[in-house]
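Come along and look things up with me.

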Amino acid sequence: MISLKNIQTEIDASYLYKVLGDHEEDPNVASVFLQMSDIEHSHALAFMRQNNLDTSKPFPPSTKAKILNLIGKVFGYDYILGVLLDTERSLSSSIISSKKRVNSDSS
């Protein structure tokens, strides 16, 4: 079972990638950010389905994500990109650690 915190992380990432896409001047880069937003949104919906949650009413972005948007407005959107990269790196490390634990437990 996926935790509600993980679902919220996906919702927030989708929201923040959309913010980046909406404020990016380069249309190619904007397109990548908007595609990332769609991917993160699909992850959130998949996790919601796994938890038997109503996907017609996804969670709203968290207060933290909304504050990051405000920070982006004031200090520039590169800050948001840095936060998203740190989040993706942390999630990747967690997945790798989890897989290593499962593999070592089954040996």
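Predicted model: local features only at pLDDT ≥ 70, side-chain atom pairs only at ≥ 80, totals over all residues.

Before my first entry, I noted how a helix axis is drawn: a line is fitted to the C-alpha atoms over the stretch in contact, and angles run from 0 to 180 degrees between N-to-C directions.

**Entry 1: the overall layout**

I looked up the elements and found four helices and zero strands in the protein. Reading from the N terminus, I wrote down the order α-α-α-α. I then checked the extent of the protein: along the principal axes, its C-alpha atoms fill a box of roughly 50 × 30 × 25 Å.

**Entry 2: helix 3 with helix 4**

At what angle do helix 3 and helix 4 pack? I found about 140 degrees for helix 3 (residues 63–75) and helix 4 (residues 78–105), with their axes 7 Å apart. That makes helix 3 oblique to helix 4, because only angles over 145 degrees count as roughly antiparallel.

Next I listed who touches whom. From helix 3 come Leu68, Asn69, Ile71 and Gly72, and they meet Tyr79, Ile80 and Val83 of helix 4. I sorted the residues of this contact into five nonpolar, two polar and no charged.

**Entry 3: helix 1 with helix 4**

I moved on to helix 1 (residues 4–23), whose axis comes within 10 Å of the axis of helix 4 and crosses it at roughly 145 degrees. Is this crossing left-handed or right-handed? I noted that the crossing of helix 1 and helix 4 is left-handed.

On the helix 1 side of the contact I found Thr9, Ala13, Leu16, Tyr17, Val19 and Leu20. Their partners in helix 4 are Ile80, Leu81, Leu84, Thr87, Glu88 and Leu91. Here the residues divide into nine nonpolar, two polar and one charged.

I wanted to know about empty space inside. Rolling a probe the size of a water molecule over the atoms shows where empty space is left. How many cavities of 30 Å³ or more are there? I counted one cavity, and the largest cavity has a volume of about 30 Å³.

Which residues line the largest cavity? I wrote down Thr9, Glu10, Ala13, Glu40, Thr87, Glu88 and Leu91. Helix 1 and helix 4 each supply at least two residues of this lining. I sorted the lining into two nonpolar, two polar and three charged residues.

Technical notes: Residues numbered from 1 in each chain as written. Heavy atoms only, no water. Parallel < 35°, antiparallel > 145°, perpendicular 65-115°, else oblique. Contact = heavy atoms within 4.5 Å. Nonpolar A, V, L, I, M, F, W, Y, C, P; charged D, E, K, R; others polar. Left-handed = near helix turned anticlockwise from the far one by under 90°. 1 Å grid on protein atoms, 1.4 Å probe; cavity = no way out; pocket = protein on both sides within 12 Å on 5 of 7 lines; lining within 4 Å. Points joined across faces, edges and corners; volume = space filled by probe spheres on them.
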